[in-house]
Amino acid sequence: MAVNSLGRQLPESFAGKTVVPYQDPFSYKKTSDHASRPLRRVNPGDKKLLGSLREAIEASGLKSGQCIATHHHLRNGDALLNMVVKEIDAMGIRDITIASSSVHPVHAELIPYIQKGVITAIETGVNGLIGEMASKGELHCPITVRTHGGRARSVISGDVTVDVAFIAAPTCDEFGNMNGYFGPSACGSLGYAHTDAQYAKHVVAVTDNLQPYPVVPVSIPMSLVDHVVVVDSLGDPNKIVSTTTRITRDPVGLQIAKYASQVIEASGLLKDGFAFQTGSGGISLAVADRVKQLMSAGQIKGSFGCGGITGYFVDMLEQGLFRALFDVQCFDLKAVASIGRNPNHLEMSADLYANPYNAGAVVNMLDCVILGATEVDVDFNVNVNTESNGYLLHNTGGHSDAAAGAKLSIITAPLIRGRLPIIRDAVTTVTTPGETIDVIVTERGIAVNEHQADLRKELEKRKVPVMDIHDLRKLATRITGEPKPVEFTDDVVALIEYRDGTIIDAVRKVKE
């Protein structure tokens with residue numbers, strides 16, 4: 001058993017790989033070259049268009065024991081991953097690793113294929129039933145959860161080798177030029193698929209909207225694509241929007257948003273050139289709305305908004321409050337419509353967004369990021385992967401990436417959720433280390449990390465309710481009582497990988 005710098009006990013190895021324990025946010029760097037991929041040659045007259053998904057899988061040479069990837073830009077409306085795995089099973093291929101950018105509740109259809117050995121490992125975060133069943137020990141399929149930047153890093157470095165990438169292409173021509181801007185399954189940015197297209201050994205573009213050559217604008221070019229397949233539908237773009245991508249109307253959430261915007265004002269960062277990211281939660285969007293009002297009132301011209309882009313950021317771009325948007329994933333249909341018409345609404349890869357091992361990631365240029373949490377502890381460590389019942393229900397997304405890069409990282413959360421205190425002595429699972437978190441904002445008080453002493457003084461001066469984080473915890477537990485600790489077995493069902501490739505925590509089977 002190994003122990004990392006946060007005191008988390010980790011296995012020495014997991015799924016056949018040696019575990020490197022997390023030490024700190026910035027010092028670890030694995031030295032290696034970029035992963036390689038086979039050279040291609042396509043001659044004049046050669047065709048890429050194939051008649052079916054099965055033909056494309058056969059042409060890719062996919063074998064048992066290899067790894068496939070898809071991307072989750074259609075989020076809970078995605079149909080491609082389920083479609084691909086169903087065909088792989090029908091072809092008798094087994095022992096496949098899924099290294100997609102995320103797995104959503106819609107992918108619960110994969111469970112029978114995990115149980116019968118078609119899928120034997122998952123190298124991505126999981127949202128929903130697959131994670132819950134793994135936490136209960138009902139699925140024997142090791143899971144490695146990565147950040148968006150960490151996933152790009154793992155593919156580029158060769159830590160994860162993608163044998164075949166299946167890219168959902170909402171608009172595509174027969175040679176593989178594609179974009180996500182138009183078509184019945186338009187999802188906007190294809191940011192997570194860029195890295196797959198560049199580093200997978202074989203790339204299949206799957207489209208439900210084949211257009212004459214050349215498709216423009218080109219998001220991913222034909223030089224990276226081996227074959228093209230047409231299917232009836234890639235999924236339902238209306239399900240890109242979830243309940244977490246709408247502004248909160250809850251008075252508690254609006255109070256938190258008010259305090260968070262006061263923290264941003266007090267930080268001194270809200271001035272010309274301001275760079276901002278929010279998550280997609282209702283409170284985060286309420287903060288974005290208040291920041292928008294502050295920028296308008298102060299005639300502040302920001303530099304960029306980034307991350308998953310929502311209609312709120314599109315409004316800010318079109319009103320001149322930002323010069324540009326960097327978009328790795330459109331979070332609603334207003335953002336999808338914008339990226340096809342606004343020249344300063346820029347598609348970016350997950351590598352550019354947040355890979356810690358490149359020559360400069362966009363998250364490093366952020367002034368402020370608003371992030372959520374399922375739990376926070378008195379050392380400011382944050383959990384977004386597991387709920388307080390211990391079940392692995394959520395992906396990391398860009399949480400740890402943005403927290404590490406931004407000058408000011410703010411966690412917004414209600415003090416009590418579901419009769420449980422959000423602030424604990426220790427979180428169930430560490431996703432993002434407390435060293436990279438600056439402020440915790442709840443409706444009852446604000447806790448400021450000790451490395452932000454000047455900001456704390458400024459907030460106190462402005463009569464914003466600053467509290468010691470231990471006092472916030474006591475306030476919550478006076479109402480809820482001490483939470484009953486979740487009991488776990490020793491069986492590790494998943495690892496939480498920090499963005500640099502070290503392991504920040506392990507998720508164990510819940511003792512029922």
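Q: In this predicted model, which helix makes a right-handed β-α-β unit with E16 and E17?
A: Start with the two strands: E16 and E17, the latter covering residues 322–330, pair in the parallel sense over seven bridges. The unit they make with the helix is right-handed, and the helix, residues 311–318, is H9.

Q: Which residue in E17 stands opposite Gly302?
A: Stay with the E16–E17 pair, which is parallel and has seven bridges. Look across from Gly302 into E17 and you find Phe322.

Q: What handedness does the β-α-β crossover from E15 to E16 have?
A: E15 (residues 275–278) and E16 run parallel, joined by three bridges. Phe276 stands opposite Gly305 in E16. Between the two strands the chain passes through helix H8, residues 282–298, and the crossover is right-handed.

Q: Why is strand E16 largely enclosed by the rest of the structure?
A: E16 is paired with E15 through three bridges and with E17 through seven. Then check burial along residues 302–309: E16 is largely enclosed because the buried residues number eight of eight.

Q: Which residues are closest to the centre of the second largest pocket?
A: This pocket has a volume of about 500 Å³. Strands E4, E8, E9 and E28 each give two or more residues to its lining. Of the 26 lining residues, the closest to the centre are Lys17, Thr18, Arg146, Asp159 and Glu497.

Q: How many residues in the lining of the second largest pocket are charged?
A: Sort the lining by residue class and you get 13 nonpolar and five polar residues. The remaining class, charged, has eight.

Q: Which helix gives the largest share of the lining of the largest cavity?
A: The structure holds one cavity of 30 Å³ or more, and the largest cavity has a volume of about 40 Å³. Its lining is Ser101, His148, Arg151, Ala152, Tyr192, Thr195 and Ala350, which divide into three nonpolar, three polar and one charged. The largest share is three residues, and it comes from the helix spanning residues 148–157, H5.

Q: What separates the C-alpha atoms of Leu210 and Val231?
A: Along the chain, these two residues are 21 residues apart.

Q: Which residue just after H2 takes a positive phi?
A: H2 covers residues 80–90, and its buried residues are Leu80, Leu81, Asn82, Val84, Val85, Ile88 and Asp89. Just past the helix, phi takes a value of about 85 degrees at Gly92.

How values were computed: Residues numbered from 1 in each chain as written. Predicted model: local features only at pLDDT ≥ 70, side-chain atom pairs only at ≥ 80, totals over all residues. Heavy atoms only, no water. Buried < 20%, exposed > 50% of the residue type's maximum accessible area, 1.4 Å probe, protein only. Helix = DSSP H or I, 4+ residues; strand = E, 2+ residues; numbered from the N terminus. 1 Å grid on protein atoms, 1.4 Å probe; cavity = no way out; pocket = protein on both sides within 12 Å on 5 of 7 lines; lining within 4 Å. Points joined across faces, edges and corners; volume = space filled by probe spheres on them. Nonpolar A, V, L, I, M, F, W, Y, C, P; charged D, E, K, R; others polar. Pairing = 2+ DSSP bridges. Right-handed = clockwise from strand over helix to strand, strands pointing away.
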